[in-house]
Amino acid sequence: MARAANPSVHASRLRAEAERERVSPAGALPDPMLELGLLNRPLDTFDADERMTMNVVGLKQAFPWPGNQGFSKDARGHSARAAELDAAEVEAQVVARTRVMHARIGYLDRAIRITADTREMLQEFLAVAEARYASGSGIQQDLLQAQVAVGRASADLAGMTRERMAAAARLNALLGRPADEPIPAVDLPVLDSRVLSLDSLMALAQAGRPALAAARERALAAEARYRAAGRSAYPDFEFRVAWNQRPNYTDMGSVALGVSLPIWGGAKDAPLERAAAAEQAEQEARALELHYETWAELAELEAADERARTLEAIYRAEILPQAEAAVESALAAYQVGQVDYATLLNARLALNRYRIEEVRLAAERLQAAAGIDALVHDFNPGGDQ
């Protein structure tokens, strides 16, 4: 849906289309010039019977120095290819942001369910605390703690609900839809595999990331403009043919060849050539910068995935089972009066936090995978998401 309806994707494709349409004109000759004239008419009588009087019909065509048009067309071609790659990069980034927001909504949906279940359980605890306090077997502190815990859970639930609405509005914007369009509940897919090594990811990015290829195309376009600027001192040509019609005498014809005189090269051509050389160096530097930035982004995303994957495994294998056992133990002890209410409450709230943290780590892995996919353009662990 994002690929089909996102406005920035559509705009980038239109820009690429406009650039493609500029390639052919860059290699075309200037339009010929048609000439119509009256030559050598006497100013006193304007008489057409004079021997030198002629009615002229001519055609004039300019020709750039051989090769200059080719360089101009090459430059436009590379710029058009860069625009097409920019459109692919925009699409990849929009898809990545869509996947990030999809994972964010999935995390919030799961966190809301966990918090709602916890609040329901806390309300049950509150009912028990109220009953014990009313019967004289409980203390007011337990009742107050239960009320505060229910209120806090309700506040957390309200905050998550508002955050979910904001995330849904952002996702709708990426999908090119109104902000209030309903987004169904999202179940997070599971990523079990590790990402590739950093060297392998960079090799994929170097071969497949559109932005890197676009930077190379811009450097090639700047090189073509520099080569064209280096030939600006060469003259252009102009070829002219004319039919000279004389009313009472034999008609005549004319053929002429003109050559431009680049006598102002030091003031015009040389600065333009230096400017083109600077532009070429700039584009090459930008391409190198993007290469290094891509490497750094991949390193950050790979590290984020590895951290989230490691912590997620620890939570599943160790922390959550221990927290669940601690809640069961505290509940059993609380029912027989061996521990106070605060111990039971803290154990249950800790389990809630750990469950939400596990879901957050799963969402982080999906978001890191989305970022990596946008950079390497063909990385997609776990299948389509």
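This is a predicted model: local features need pLDDT of at least 70, side-chain atom pairs count only at pLDDT 80 or more; totals for chains, interfaces and linings use all residues.
## A pocket and its lining

Helix α9 gives six residues to the lining of the second largest pocket, the largest share. This pocket has a volume of about 260 Å³. Its lining is made of 18 residues, and the closest to the pocket centre are Arg110, Leu188, Arg316, Val359 and Ala362.

What kinds of residues form the lining of the second largest pocket? Nine are nonpolar, eight are charged and one is polar.

## The helix α4

Helix α4 covers residues 68-135, 68 residues in total, and spans 99 Å from its first C-alpha to its last. That is close to the 100 Å expected at 1.5 Å a residue. Just after α4 comes Gly136, with a positive phi of about 90 degrees.

## A positive phi at Asn40

Now for a backbone angle that stands out. Most residues other than glycine have a negative phi. Asn40, however, has a phi near 60 degrees, a positive value in a residue other than glycine. Where is Asn40 found? Look in the loop between β1 (33-39) and β2 (54-63). Asn40 is partly exposed there, with a relative accessible area of 44%.

## A hairpin of two strands

Further along, strands β3 (residues 237-245) and β4 (residues 252-259) run antiparallel and are joined by eight bridges. A hairpin of six residues links β3 to β4. To see the pairing for yourself, find Phe239, which stands opposite Leu257 in β4.

Note on methods:
Residues are numbered from 1 along each chain as its sequence is written. Side-chain values use heavy atoms; hydrogens and water are left out. Two strands pair if DSSP finds at least two bridges between them. Helices (H or I, at least four residues) and strands (E, at least two) are DSSP runs, numbered from the N terminus. Buried means under 20% relative accessible area, exposed over 50%, partly exposed in between (1.4 Å probe, protein chains only). The expected span of a helix is 1.5 Å times one less than its number of residues. On a 1 Å grid over the protein atoms alone, a cavity is a set of points where a 1.4 Å probe fits but cannot get out, and a pocket is an open set with protein on both sides within 12 Å along at least five of seven lines; lining residues have an atom within 4 Å of a point. Grid points are joined across faces, edges and corners, and a volume is the space filled by probe spheres set on the points. Ala, Val, Leu, Ile, Met, Phe, Trp, Tyr, Cys and Pro count as nonpolar, Asp, Glu, Lys and Arg as charged, and the others, Gly among them, as polar.
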